[in-house]
Amino acid sequence: MLAIFHKACAHPPEELNSPSSQNGSKKPKLPEETLTEFLNHHPHNSFSMGFGRAAVLAYVKPDQPFYSQHQRLFCGFDDIYCLFLGSLNNLSLLNKQYGLTKCTNEAMFVIEAYRTLRDRGPYPADQVVKDLDGSFAFVVYDSKGGNVFAALGSDGGVQLYWGIAADGSVVISDELEVIKEGCAKSFAPFPKGCLFHSEGGLMSFEHPMNKMKPMPRIDSEGAMCGATFNVDKYTRVNSIPRVGSEANWTEWASH
């Protein structure tokens, strides 16, 4: 999967952008170049959906969905779109908890969970994601609000990467080579057990009371790359915001 969001939409962490990308021989590419290469790499089973200059989502349909190690799902509802990789062991329980039908898949569930957080928010976002049991990664784009919501499970069963394109857009994909080619040195693994929201930034859903700390990363050539992010065990946030319809996630920014 591939998701690209304009910097004004996603507000990625500044530490993800490495000065080495502009100074080195290999430069980051524009989003349209990365998208074209991604689709050309999967010519028979991929498609993309664009949202003006704000965002683009690209999906690769599994050749043999019943034999794939991880399912890849894409769906949209009520102007909200979700790319999902992996599976949830407790999907049936979650569907029942949210009043959804038994045939609701993981991507549709994530959309419903996002809508609940956005519109009603009875629980903090970290608790909702922490309740997901399984190996998973997802990217949600709310085209009506222009918001991005992404998360990666903590068990390491699924990998996710993110980086910065030539125009400052954030690129998210499970394909490492796509990120390397498109973002040059300005990329890093998406941190496990974490979630990201365009208004609230990055946080750990396993340790929501602790801040995230950027860690410098040097590659084999000695060049500075985009920072990785770890939980800072010694720095705690002031409080956990309880997101409601009026807050609209923006209280995360105080983290």
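Two strands are said to pair if DSSP finds at least two bridges between them. Helices (H or I, at least four residues) and strands (E, at least two) are DSSP runs, numbered from the N terminus. The structure described here is a predicted model, in which local features need pLDDT of at least 70 and side-chain atom pairs count only at pLDDT 80 or more, while totals for chains, interfaces and linings use all residues. Residues are numbered from 1 along each chain as its sequence is written, and side-chain values use heavy atoms, with hydrogens and water left out.

An open sheet is formed by six strands in the order 4-5-6-7-11-12, with antiparallel pairing. Its edge strands, strand 4 (72-77) and strand 12 (201-204), each pair on one side only. On average, neighbouring strands of this sheet are turned by 15° against each other, direction ignored; axes are lines fitted to C-alpha atoms, for helices over the stretch in contact, and angles run from 0 to 180 degrees between N-to-C directions. Within the sheet, F74 stands opposite L83 in strand 5. Helix 5 (residues 106-119) lies across strands 4, 5, 6, 7 and 11 and runs at about 125° to strand 5.

The loop between strand 4 and strand 5 contains D78. This residue is partly exposed, with a relative accessible area of 34%; buried means under 20%, exposed over 50%, and partly exposed in between (1.4 Å probe, protein chains only). Leaving aside neighbours within four places in sequence, D78 is in contact (heavy atoms within 4.5 Å) with R115, R118 and K144. The C-alpha atoms of D78 and D142 are separated by 8.8 Å, although the two residues are 64 residues apart along the chain.

| Strand pair | Bridges |
|---|---|
| Strand 4 and strand 5 (residues 80-88) | six bridges |
| Strand 1 and strand 9 | four bridges |
| Strand 8 (residues 161-164) and strand 9 | four bridges |

In strand 9, V171 is the bridge partner of I4, and S173 is that of Y161. V170 and I172 point one way from strand 9, V171 and S173 the other way, and all are buried. Strand 8 and strand 9 form a hairpin with five residues between them, and G168 in the turn has a positive phi of about 90°.

**Helix 3**

In helix 3 (residues 31-41), the buried residues are P31, T34, L35 and F38. They lie on the same side of helix 3 because they cover an arc of only 100° around the axis, the arc being that of the directions from the helix axis to the C-beta atoms. These buried residues pack against strand 1 (2-5), strand 2 (46-51), strand 3 (55-60) and helix 7 (176-183).
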